[in-house]
Amino acid sequence: MPAVDRRKQVLDAASKSFALFGYKATTMEQVAKIANVGKGTIYTFFTNKDELFDEILLSAIMEMKRLAEREIKKDRDFFDNLYRVLDALLEFRSEHELFIKLSQEVRDIGTPKAHEGLTKVENGIVGYLQGIVEHAISIGEIKPLDAQVVSFVMLKLYVALTTDFNQLHEPLSKEQIKEYMMVFLADGLKASS
């Protein structure tokens, strides 16, 4: 009979609890109940709720990184790869129940730890994009600018086009989003002379 991985059991239960109830409303008692373990078992692996939450976020960020790496195609140009990576990461984020719940919690009650968690995820995405941008700069595919600033602006533009715009207007199609990303990032707004 295979041994039960209690740590994984606790992490899975905590993920479910944070996704269902958010950071603020999740308790170690709930996690223990969902995991079907004693509360002391949780403390064998994690000193507190913050440490447990951080471990779940780190796992999600690593999963996003693996997902992004699968989207990079060596035979594609920078902008095509960028669009593919951003699309995959934001699709993951929009479908992952934890991120949905944390976003709601930040919006509705402003829990600092939930906000901090979402910021960590955003920083993880920006950091990953920064590596892609630095590579593109090194091979002369894009202008030599501050890779961190470029990555931050690219992510914010993509979120604005895929999410923020939809709150006020008819959602843009994927092709329209790609077209605007190319105009703003690759071509610029200046009319050709």
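Predicted model: local features only at pLDDT ≥ 70, side-chain atom pairs only at ≥ 80, totals over all residues.
Visitor: Is the crossing of H6 and H7 left-handed or right-handed?

Guide: H6 passes H7 in a left-handed crossing.

Visitor: What makes up the lining of the largest pocket, by class?

Guide: The lining has ten nonpolar, eight polar and eight charged residues. The space in this pocket is about 860 Å³. It is lined by 26 residues, and those closest to its centre are Arg-93, Ser-103, Val-159, Thr-163 and Asp-164. Asp and Arg count as charged, so Arg-93 and Asp-164 belong to the charged class. Val counts as nonpolar, so Val-159 is in the nonpolar class.

Visitor: Which elements give two or more residues to that lining?

Guide: They are helices H5 (78–95), H6 (97–109), H7 (112–138), H8 (147–164) and H9 (174–187).

Visitor: What is the volume of the second largest pocket, and which residues lie nearest its centre?

Guide: Its volume is about 350 Å³. Of its 15 lining residues, Phe-79, Lys-143, Leu-145, Leu-185 and Ala-186 lie nearest the centre. H5, H8 and H9 each supply at least two residues of the lining. By class, this lining has eleven nonpolar, one polar and three charged residues.

Visitor: What makes a space a cavity and not a pocket?

Guide: In a cavity a 1.4 Å probe fits but cannot get out, whereas a pocket is open. The structure holds one cavity of 30 Å³ or more, and the largest cavity has a volume of about 30 Å³.

Visitor: How do you know which class the residues lining the largest cavity belong to?

Guide: Phe-79, Leu-82, Tyr-83, Met-181, Met-182 and Leu-185 line it. Phe, Leu, Tyr and Met count as nonpolar, so the lining divides into six nonpolar, no polar and no charged residues. H5 and H9 are the elements that give two or more residues to this lining.

Visitor: Where is the "DNA-binding region", and how much of it is helix?

Guide: The unreviewed UniProt entry places that annotation on residues 27–46. Over residues 27–46 the chain is 75% helix and 0% strand, with the end C-alpha atoms 13 Å apart.

Methods: Residues numbered from 1 in each chain as written. Heavy atoms only, no water. UniProt positions renumbered as here; feature names shortened; annotations may be inferred. Helix = DSSP H or I, 4+ residues; strand = E, 2+ residues; numbered from the N terminus. 1 Å grid on protein atoms, 1.4 Å probe; cavity = no way out; pocket = protein on both sides within 12 Å on 5 of 7 lines; lining within 4 Å. Points joined across faces, edges and corners; volume = space filled by probe spheres on them. Left-handed = near helix turned anticlockwise from the far one by under 90°.
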